[in-house]
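Here are my notes on this model, written as numbered points. Have the sequence and the 3D view open while you read.

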Amino acid sequence: MFGIGQKLLGGAGVLAEVRRSSLLALGDRALGCELLKNLPALDAQQCRLSHNKNRDMRVDFKFLRQRPIGPHKHKPPNMIDPRASRDIDYRKIVHYPEDGKYTIRKLDMTKLGGRHPVTGVKVIEGVGGGSKRKYRWIDWKRLPEDWPRDGSVLEERIVSINYDPNRDAQIALTGYGDKLRYQIATNKMKQGDLIRTYTEIPTNPIRAKEGDSHPLGAL
């Protein structure tokens with residue numbers, strides 16, 4: 001088998017060299033083009049013997065985790081700019097309150113099933129509607145905007161640890177004063193614990209407690 005393959009590759013190299021020499025002769029006689037003389041010889045390893053070209057484009061392609069999106073359907077996810085899918089969510093539409101005020105109430109969510117939210121065209125293959133779910137609005141800002149930055153410490157009580165069907169991690173319902181909000185919970189958080197958020201960097205580095213938040217440079 002290896003002997004036959006070497007003969008085929010050798011024959012391809014001979015044909016490539018004959019084609020190159022014929023082009024050079026044509027350029028010398030008729031056109032006198034110097035570009036043909038600078039053409040590199042075709043290597044036998046550059047010949048694509050496979051007829052299926054899509055296999056070359058699926059390098060490191062995680063088929064079960066993420067499908068190609070939008071205009072990049074022919075590229076695997078590791079070759080696509082991650083910002084390409086942040087503008088439009090082809091999986092769900094979350095119906096936030098009209099006034100835009102934060103709430104811990106479970107929000108309605110419409111499943112798109114991989115379709116464009118405006119045109120309805122199928123964009124992501126293999127994404128279905130799934131079961132009906134409610135969306136929990138996570139407050140990603142650990143320090144609220146209305147909290148003073150004068151060195152005061154924000155202390156919150158964990159009211160409950162809840163399950164969120166939209167993510168793998170559990171969420172914690174925390175409260176301070178008369179305000180409640182959802183945050184991502186750690187694996188050691190328990191109901192009734194206190195978590196603190198510091199706003200200043202101390203003189204000496206400190207050993208932080210799990211669940212607490214410190215500015216960069218305090219640890």
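1. Start with the sheet. It is an open one of 4 strands in the order E5-E4-E3-E6, with antiparallel pairing. Strands here are DSSP runs of E of at least two residues, helices are runs of H or I of at least four residues, and both are numbered from the N terminus. Two strands pair if DSSP finds at least two bridges between them. E5 and strand E6 (194–197) are the edge strands, each pairing on one side only. Neighbouring strands of this sheet are turned by 40 degrees against each other on average, direction ignored; the axes behind that are lines fitted to C-alpha atoms, for helices over the stretch in contact, with angles running from 0 to 180 degrees between N-to-C directions.

2. Before going further, some housekeeping. This is a predicted model, where local features need pLDDT of at least 70 and side-chain atom pairs count only at pLDDT 80 or more, while totals for chains, interfaces and linings use all residues. Residues are numbered from 1 along each chain as its sequence is written, and side-chain values use heavy atoms, with hydrogens and water left out.

3. Now the overall picture. The protein has 2 helices and 6 strands, and along the sequence the pattern reads α-α-β-β-β-β-β-β. Of its 219 residues, 22% count as buried, where buried means under 20% relative accessible area, exposed over 50%, and partly exposed in between (1.4 Å probe, protein chains only). Contact means heavy atoms within 4.5 Å; among contacts between residues at least 6 apart in sequence, 47% join residues at least 24 apart.

4. Which way do the side chains of E4 point? Ile171, Leu173 and Gly175 point one way, Ala172, Thr174 and Tyr176 the other way, and all are buried. With 6 of the 6 residues of strand E4 (residues 171–176) buried, the strand is largely enclosed by the rest of the structure.

5. On to the partners of E4. Strand E3 (residues 154–162) pairs with E4 in the antiparallel sense over 5 bridges, and Asn162 stands opposite Ile171. Strand E5 (residues 179–184) also runs antiparallel to E4, joined to it by 6 bridges. Within that pairing, Tyr176 has Lys179 as its bridge partner, and Thr174 has Arg181. E4 and E5 form a hairpin with 2 residues between them, and Gly177 in the turn has a positive phi of about 65 degrees.

6. Have a look at Arg181, which sits in strand E5. Is this arginine buried or exposed? At 3% relative accessibility, Arg181 counts as buried. Its side chain makes a polar contact of 3.0 Å with the side chain of Asp139, and it reaches the backbone oxygen of Lys141 at 2.7 Å. (A polar contact is a pair of N or O atoms within 3.5 Å; within protein, one must be able to donate a hydrogen and the other to accept it, and residues adjacent in sequence count only if both atoms are side-chain atoms.) Not counting residues up to four places away in sequence, Arg181 touches a list of residues including Tyr102, Ile104, Glu156 and Tyr176.

7. Asp164 lies in the loop between E3 and E4 and is buried, with a relative accessible area of 1%. The side chains of Asp164 and Arg167 make a polar contact (2.7 Å). Leaving aside neighbours within four places in sequence, Asp164 is in contact with Arg136, Ala169 and Ile171.

8. Last, the rings. The structure holds 4 aromatic pairs; rings of Phe, Tyr and Trp (its six-membered ring) pair if their centres lie within 6.5 Å, with planes under 30 degrees apart counted as stacked, over 60 as edge-to-face and the rest as tilted. Tyr96 and Trp137 are edge-to-face, 4.9 Å centre to centre with 65 degrees between the planes. Tyr96 lies in the loop between strand E1 (92–94) and strand E2 (109–111) and Trp137 in the loop between E2 and E3, so the pair ties together parts that are 41 residues apart in sequence. Trp137 is buried, with a relative accessible area of 18%. Tyr102 and Trp137 form a tilted pair, at 5.1 Å and 50 degrees. Ring pairs link Tyr96, Tyr102, Tyr135 and Trp137 into a cluster.
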